[in-house]
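Hi everyone, thanks for making time this morning. Let me put the structure up, and then I'll walk you through a few parts of it.

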Amino acid sequence: MGRSTPTVRQYFDAMVKNYGRMGSVMRAEDCPYLEEILRLGRMHSPEVSMANIDPETGFILSVLIEILKKIREHEDG
Amino acid sequence: MSETLINASGGDTITLHYLASSGIRTRRVRNKTWIFVSGSDYDLEFLASQIESQDSIGFSPDTGHDVYRKFRGLRIHLNPSQIRDMLYAIENIGLGRKFSVYNADIDPAHRFLAESGLELFHIDSPDDLDPEVPAVSIEVMGKKGHPEKVRINSGQFMELNDRTYQDIYSAIRDAFIVVYDNRFDLFSSLLGAMRRRSLPVSYRTLKGGTYQSYGQVHYNNNRVYMSGKVMIESSSFIYREAGIPGLMEMSRISSVPMSTVSVITPGTAVSSLEISHALKNGVLVPLYKADHEGEKTVSDLLQMDRGGLVLQPDPGIYQDVTEIDFSSMYPSIIVRYNLSPETVSRGRGEEVPDSPYRVRTDVQGFLSMALSELLEKRLHYKSVKSMHPVYGMRDTALKWMLLTSFGYTGYKNAKFGKIEVHESITAIGRHCLSTAMRLAESMGFRVIHGIVDSLWLKGNGNIPDLLGRIRDETRIDIVEEGRYRWIAFLPSRSRIGALNRYLGLKHDGTFKVRGIEMRRKDSPGIVVKFQSHALEILKNCNTIADICSAAGAIRKLEGQFMKNMASFPREDFVLRISPSMWKDQYRVRNITKIAMESFSRDVEISPGQQFPAVVVDKDNEVIDVDGSYDTIDTGFYMELLKRSFEPFDFLISNACGSRNSPYKPLYLFG
């Protein structure tokens with residue numbers, strides 16, 4: 001019954017778990033940045049799912065959107 | 001007073017029970033039935049020649065139709081008890097592939113009721129109350145399968161002695177519906193003890209067992225049957241959710257006897273309702289179906305194999321929020337968009353948004369027709385449920401049936417299910433929610449969150465106007481579920497917004513709380529009490545600033561609970577353990593495994609079999625499952641309490657704009 005393919009959220013969770021291995025060999029002070037990027041990448045999973053696009057592209061787009069928002073907020077003071 | 005049909009059972013003879021002014025009346029009716037077989041003319045002729053030699057079985061060439069088309073076949077007339085042997089013969093004669101068989105696996109009593117147009121628990125108007133059927137509830141307490149105390153109809157628990165045994169016997173004898181709790185076989189042991197005291201109770205037990213539903217493991221206790229009674233085990237899902245009125249409503253709408261309704265899932269009840277609809281309308285019900293999924297490409301699978309649309313909320317507290325909900329969204333989509341196995345295809349018809357499918361609208365779909373009465377009834381009881389508790393219970397029962405009606409369209413064994421229908425429902429659902437979002441934003445609202453059929457909108461625009469426009473565009477009814485003074489969407493461990501974890505105070509003074517500990521069935525009472533008390537404090541907070549002002553009171557409450565833990569009664573520390581595996585299958589020695597091992601050797605806990613337990617000493621693996629200990633593990637319960645503080649800590653730190661949030665950044669690694 002129901003779905004037989006993973007949801008975009010499940011896909012993102014698996015991606016984050018994989019990228020987590022990167023954190024284990026990173027400098028401690030860099031870890032929060034990686035963690036933050038992984039958080040930003042997951043913020044638009046509903047839209048990625050709705051558009052039915054490749055999740056990895058969707059993840060990068062999500063990070064870019066959130067970084068652009070922060071730049072605009074910074075510019076607007 | 002006219003008679004009301006309240007039960008039907010049997011096979012070759014159907015026993016009908018009526019409620020009359022003089023009491024319960026029984027009538028027996030001879031039951032002859034038929035099955036339908038289709039195949040090539042040559043094969044059917046051969047089958048007919050084989051059946052001719054059977055004395056008590058007749059047949060006639062005939063035309064029948066399933067949901068798709070008309071076809072020729074043989075109608076074989078026989079007794080229900082002969083069906084199994086006949087199927088075996090057909091299977092062998094047709095080498096398992098030459099024939100399609102219909103109407104061969106329907107419960108005889110269910111079929112008799114549907115074909116005869118008889119209604120169980122008939123009421124003249126949907127607003128009438130149920131017939132008053134004599135009922136009794138028996139609850140037994142004891143240890144390790146040995147009954148010690150009993151109570152009748154929620155009275156006082158009584159010690160077991162000759163007199164109480166006699167009282168129980170009389171109560172059961174005089175009732176038609178018997179609600180019993182057979183955890184650890186306490187009720188069947190009680191009946192056994194009565195029999196040993198020469199009380200003439202006649203019963204048999206049917207072994208229960210573990211089953212899975214929607215990814216969760218459940219357990220049916222061993223069931224007890226008594227001739228001439230409707231026996232309801234109190235752990236029955238629908239009985240727990242909707243009581244006897246809910247079971248009666250399900251029985252009424254699906255034509256399935258109440259004792260059967262109490263042991264089947266709501267999904268099976270929906271399936272039975274669809275079968276009843278087919279029987280009443282002369283639509284043949286296939287024994288095995290071959291249409292559960294058509295061929296599709298991988299890209300079509302990836303495009304269509306998606307669920308409802310769930311947005312990602314930003315964690316935080318919001319004011320001026322309105323929640324709007326589509327009413328029974330998925331069943332409404334089935335009915336209003338005419339979705340059914342025979343109407344959804346890649347051929348002609350109205351386009352299903354964001355999918356390769358189309359729906360025929362020139363014919364009425366079987367499924368949409370079968371579910372329309374269920375949907376209309378549910379929407380009626382939803383609108384009047386505050387007027388009488390019975391309406392509320394009927395509403396709950398119908399709600400569960402409607403909820404599962406969607407899932408069943410994707411279940412490969414559902415008689416009238418088809419994956420393409422399932423996919424079309426979710427596609428239209430996503431389209432409806434995104435349409436509602438677009439309209440809301442065009443009218444000045446900001447979408448805070450959305451889950452499948454609900455939206456939370458911030459702003460002070462015209463809600464009735466918005467709802468009207470959404471209804472017009474989507475064809476699905478949508479209502480205002482509540483206006484919030486404030487609502488907090490809580491973060492998940494990864495600090496992005498949790499999808500279904502929020503608490504909000506509505507303008508009518510009530511809270512809507514989802515996903516926090518007090519909503520979990522396995523949380524101990526002390527945790528539920530703390531969170532309920534904390535909500536009491538927040539009840540007076542009209543604004544985010546008020547929440548910040550309440551910080552002191554919440555902190556004080558947290559302190560009191562931690563400090564005074566020892567003064568809480570023991571029942572506040574009871575955990576409800578729900579094992580999902582056998583104890584040997586647990587690799588980690590967690591609370592569940594240790595609790596399962598804490599029973600004596602003669603008690604084996606099955607997966608799904610829930611039981612209460614108190615943690616006495618977690619480090620030394622001491623868990624109390626039978627009231628043998630007086631103490632508790634304070635450290636263990638303090639940890640649980642601390643975890644239950646977290647949603648309120650988030651609320652306070654967010655309301656007060658604290659830069660020193662108790663939510664420290666979570667490092668996923670190293």
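Helix 8 of chain B is mostly covered, with 13 of its 15 residues buried; buried means that 20 or more other C-beta atoms lie within 10 Å of a residue's own, exposed means 12 or fewer, and partly exposed is in between, with C-beta atoms placed from the backbone. Helices here are DSSP runs of H or I with at least four residues, strands are runs of E with at least two, and both are numbered from the N terminus. Helix 8 of chain B takes in residues 266–280 and reaches 21 Å from its first C-alpha to its last, close to the 21 Å expected at 1.5 Å a residue (the expected span being 1.5 Å times one less than the number of residues). After helix 8 of chain B comes G282(B), whose phi is positive, near 70 degrees.

A quick word on what you're looking at. This is a predicted model, in which local features need pLDDT of at least 70 and side-chain atom pairs count only at pLDDT 80 or more, while totals for chains, interfaces and linings use all residues. Residues are numbered from 1 along each chain as its sequence is written, and chains are lettered from A and ligands numbered from 1 in the order in which they are written.

Now to the sheets. Chain B has an open sheet of four strands in the order 5-6-4-7, paired antiparallel; to pair, two strands need at least two DSSP bridges between them. At its edges are strand 5 (58–65) and strand 7 (100–102) of chain B, each pairing on one side only. On average, and ignoring direction, neighbouring strands in this sheet are turned by 30 degrees against each other. Those angles are between axes, which are lines fitted to C-alpha atoms, for helices over the stretch in contact; angles run from 0 to 180 degrees between N-to-C directions. Strand 4 (residues 33–38) of chain B joins strand 7 of chain B through three antiparallel bridges, and F36(B) has Y102(B) as its bridge partner there.

That tyrosine turns up again. Which residues does D66(B) touch? Leaving out residues up to four places away in sequence, D66(B) touches Y102(B), V283(B), L284(B) and P286(B), where contact means C-beta atoms, placed from the backbone, within 7 Å. D66(B) sits in the loop between strand 5 and strand 6 (70–78) of chain B, and it counts as buried because it has 23 C-beta neighbours inside 10 Å.

On to strand 11 (residues 177–180) of chain B: I177(B) and V179(B) point one way, V178(B) and Y180(B) the other, and all are buried. Strand 11 of chain B pairs in parallel with strand 8 (residues 135–143) of chain B over four bridges, and A135(B) stands opposite I177(B). Four bridges also join strand 11 of chain B to strand 16 (residues 230–233) of chain B, again parallel, with M231(B) as the bridge partner of V178(B).

Last stop, a helix pair. The axes of helix 13 (residues 419–442) and helix 14 (residues 463–474) of chain B come within 10 Å and cross at roughly 140 degrees. Among the residues making the contact are C432(B) and L439(B) of helix 13 of chain B, and L466(B) and I470(B) of helix 14 of chain B.

Thanks, and I'm happy to go back to any of these views.

How values were computed:
Contact = placed C-beta atoms within 7 Å.
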